[in-house]
Amino acid sequence: RGLDPFRAVPLLEVEEKVECVACTGDALYIGTSQGSLLHFGLGLAATSTPVEELAAAARRLGAVKLSQRRPVEQVCTTGNFVVALADGVVSFVLANDITVAAPVVLGKDARCICAHTGVEDQEQLPEVCVSYRKKLVLYAHGGRSFEARQEFPTPDAASALVWHQSWIVAGYKKEYTLYSDSSGLPREICGLDGKVNPRIAIVSGSELLLMIQESAGFFYNLSTQQPSSKGTVTWPRKVVACATAGHYILGSTGVGQVDVFGVRDQKNWQTLTMQGAVVSICSAFGGRAIVASEGSLTCLDPVPFERQIKKLLLQARIADALDLLNSTFGPEDPSRESQLSRLHALAGWGLFRDLQFSKAFQHFMYSSDVKVARVLVFWRRYLPLAWDPAAVGGKPTVDDGAPEQCEIEEFIRAQLMEKQGSAEQPSASASAVSANVGMANAALVSFLLRQREALLSQEHGQASKDPGQLLPAVDTALLKLLIETDEDDTRLQRLLEGGVRCVIEDLESFLRERQRPDVLARLCKVHGRHEMVLQEWSAMLRDGGGVATSTGGQKAPRFPTAQIVAEMVAALCAAARAPGGAELLRSYVPLLLKVNPAAVLPVFTTGTPGRPSGPLASSEVLELLKDHGELVRGFLEHLVASKEGAEPRHFVQLALGYLTQVADEQKVSGEAVSAASSSRRKLLNFLEESSSLDIAMLLPRVEDMGLLQEKVVLCSRSVQHREALRVLVEDLNDLPRAEIYCRLVEEKLKRASRPQDRRERPQAEPSIFSDEPPQWARGIVFGLRKKADAAPASQPSSAPSAAPKRAAVGASGSPGDEQGGETRPMMLFLQVLLGTFLGAEQRPGEYPKVAAEYKEAALSLLMGYAGHSDLPTHEVVGVLPASWPLECLAGYFSKCARLCLHERRSSMFEESLSSMAYLKTFGAWATERMRKVTMDKEKCCPTCNRRFVGQDNVAKAFVAYPNETCVHLQCKEDLSVCPKTGQNFADNLSMYCSALCADAGDR
């Protein structure tokens, strides 16, 4: 149970016996048992004046007699009027002076009255609801007097009545009923047992308290027309009067006891005892309540919320303080957030004084009133020397609940001494101070880490200077505390990776004292001090990993060498893009090459555009890396791939490097390196794709090493196609690859012969030794394609007829020789096969196949590419061996004859078709020219009704349509549509006429 929310203050004594009371503004209206209505004035601003002054200033202003025999049963105020019920008569008087005029009677035989409350329109005229025996009557003041505006039938007279907002709730002996003040339709709320006297109290907003038992009531929501989700309020005894005051419900048990319950938590917060029996309670100004006993009035004055909260927090009753706040300010109250924030701030500082730092900082996290700078001042030695806490909210404010500023050690020592009451046992006190300081530092670290995230979000989200001024102090304190308190560096590393705002000068001496050069190096990296970063990491590298720490009795480096090298490489990469980076590279790269050469390459391969080698020239980089072949190759690969700054010598040097790598592998294995190895594939791809190579120098080296595939590529690039085909046929014994080679050369020659289209993207040339060559490059003789494969329409066809037609060779050179005329790869392929055939006949042991297989391959090539422009029949006959019988060539000659005959017949057919088309076109043209139109003087245009031939016997320009309709040229709308009949003749034009027209306008 929290503190008492009210204090009872006697307000005034009344000579007559009190029956009921009503309060409005600074006036009290009391109904007595003698039938009098008394008017008391408080004389002051009742809402802001202390209740003691109100009691002293209270005076009687007047009285009016309403009944001679019966007491005044009810009294209520509405607008400028006071309405009272006495002896069944409802009457009203002016509220300012009840004696100025006689009471005006509204009605008789009434049982209950109430004023209209909860009206948002402040200018609405006063309204009253009166319950008679079988009806409810609504009265509204029309300017002069109250007039009945509406009435509803009821089953009985109401014992309790409330008209709130647009609803009327009436309490009968057996039920509570809800009425709409517009339609009067009744709706039962709940039933009663007939023994309970109904009582209704307006709680707040749209909620009412309905008494359903002698000592229990429930909340009813008028908006939803359902019972509220709040619990039931239960008094210890029978309730004879109830009312609300602020966020509390007051109920009297009739023997002078008043119990106070919270509206939101339905908890009994206070019990007050009055002198005499309580007869009535009403709500008053400023959240107060007036409790009327038989001869006196007592004011229940609410204790200020701030005072209650402070008392509870001083007693460390935080849960009770939260309960008090929740009962005072609802979820929709606009001041709830500010009050809750202040409560957390006061609670946090209270726990801070109690040395419960972890809980204190939890409350600080929920409060916007606590400035981070106000907390940091207790850790002044961890902050930057030039930092001013007053500039960012660190200056003490009035009544903020914070203790006086001092160092955290002194504060803890003073608090411990205050708790112990003496300074005895200094050793134990020192250990207690040390332990509490450690807990305070750990709690502050967690608090600052969360606050830092909030400050960063504020800095990005708004143009506020506070986060930018506060972050350096927060980061400086965090770094120092993490180094002192954390056993591992997990949180420290996470903080450094996220970027800090510290000034290096504020931390340098501290870090060197704690032997943490790694942290200093990372701070220098954040500030772009690359030279200092490299100095710190290189010093740790020379010391074998930095400061040694004891691990299991043995010394071990704090940082492994690999991590130090990685940090130095990252620093060099960043320094390469900064001024003075060249000198740093010259100074620290040799050190890294001695420790871990493989890690150095990224320093030179992460250059900026336009400077692929960084601040150093490529020749200087190669000089630094000259003792490390793998690094040289890696750098040259980067240089060649960037296409910026690469010179022809770099291409040659890289090719020689690849050859050296292959040669080294051959020496190690003692046998030839497989063509599928990574080194061979890399060399082959480079030779095919490189834009600049010294083939005259590389070719002998390749031949000496026996690299046949590489020799084929080099011969192809130097236009030595005969030699390339010879290697493929004789040395590699790969006839399918030789056929693919010929088709690739054909396509290359075709692209070179046709004009270049700028819009066409340049396509990469397929590799000769690709495992999956393009569809159009696959052979049709030695490399049959799958049936499902089909050459795309945009690619060259694999049919022999698609080969480019080129002129015969010139006078010099043999047929197909690339030195004697235009290159013809298929003729070269045939010559190589025939030469291999002759060689296999003479020296069978030197060739992978026998002569008959080469003969069969040559015949297959001739049959597959019969009629090909590279293989004219008359030239093929000249190169065939004389020893071959005509019988083996009969199939080839027959196919060639059929192809030649087909080509001749096709040309003759095309010529005949061309002649026939010309004759038909000329005939149609002549027929059209023979058409005539006869005009006489009487013929008129159907559009303008004017004659075609004028008085001067001269005809004007006209248009004649096929249906013999003629119109003036200026009268036609569409050349193809007759304006008279609307018939369209656009589709009637002969195809021959279209052929004769130069353009559409001539038709």
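Two strands pair if DSSP finds at least two bridges between them. Helices (H or I, at least four residues) and strands (E, at least two) are DSSP runs, numbered from the N terminus. With those terms in hand, we can start with a sheet: 4 strands form an open, antiparallel sheet in the order β2-β3-β4-β5. At its edges lie β2 (18–24) and β5 (59–65), each pairing on one side only. Neighbouring strands of this sheet are turned by 20 degrees against each other on average, direction ignored.

Before going on, a word about the model. This is a predicted model, in which local features need pLDDT of at least 70 and side-chain atom pairs count only at pLDDT 80 or more, while totals for chains, interfaces and linings use all residues. Residues are numbered from 1 along each chain as its sequence is written, and side-chain values use heavy atoms, with hydrogens and water left out.

**The chain as a whole**

The chain has 29 helices and 33 strands. Of its 1003 residues, 46% are buried; buried means under 20% relative accessible area, exposed over 50%, and partly exposed in between (1.4 Å probe, protein chains only). Contact means heavy atoms within 4.5 Å. Among contacts between residues at least 6 apart in sequence, 52% join residues at least 24 apart.

**Strand pairs**

Strands of a sheet pair through backbone hydrogen bonds, either parallel or antiparallel.

| Strand pair | Sense | Bridges |
|---|---|---|
| β2 and β3 (residues 27–32) | antiparallel | 6 bridges |
| β24 (residues 248–252) and β25 | antiparallel | 5 bridges |
| β25 and β26 (residues 268–273) | antiparallel | 5 bridges |

Strand β25 (residues 257–262) deserves a visit of its own. It is mostly covered, with 6 of its 6 residues buried. Q257, D259 and F261 point one way from β25, while V258, V260 and G262 point the other way, and all are buried. Turning to β26, Q257 stands opposite T273. The hairpin of β25 and β26 has 5 residues between the strands, and in this hairpin Q266 takes a positive phi near 55 degrees.

**Two helix pairs**

For the helices, axes are lines fitted to C-alpha atoms over the stretch in contact, and angles run from 0 to 180 degrees between N-to-C directions. Angles under 35 degrees count as roughly parallel, over 145 as roughly antiparallel, 65 to 115 as roughly perpendicular and the rest as oblique.

Helix α4 (residues 336–353) packs with helix α5 (residues 357–365) at an angle of about 165 degrees, their axes 8 Å apart. The two helices α4 and α5 are therefore roughly antiparallel to each other. From α4, the contact is made by H344, A345, A347, G348, W349, L351 and F352, and from α5 by F357, K359, A360, F361, H363 and F364. By class, this contact of α4 with α5 has 9 nonpolar, 3 polar and 1 charged residues. In this sorting, Ala, Val, Leu, Ile, Met, Phe, Trp, Tyr, Cys and Pro count as nonpolar, Asp, Glu, Lys and Arg as charged, and the others, Gly among them, as polar.

Further along, helix α18 (residues 629–642) and helix α19 (residues 648–669) pack at an angle of about 140 degrees, with axes 10 Å apart. That makes α18 oblique to α19. On the α18 side, E630, V632, R633, L636, E637, L639 and V640 meet H650, F651, Q653, L654, G657, Y658 and Q661 in α19. The residues of this contact between α18 and α19 divide into 7 nonpolar, 4 polar and 3 charged.

**Two single residues**

Finally, let us look at R680, which is found in helix α20 (residues 678–689). Is R680 buried or exposed? R680 counts as buried because its relative accessibility is 6%. Leaving aside residues up to four places away in sequence, R680 touches V662, V673, S674, A675, L707, Q709 and E710.

L975 sits in the loop between β33 (966–968) and α29 (991–996). With a relative accessible area of 39%, L975 is partly exposed. The C-alpha atoms of L975 and A960, 15 residues apart along the chain, are separated by 9.8 Å.
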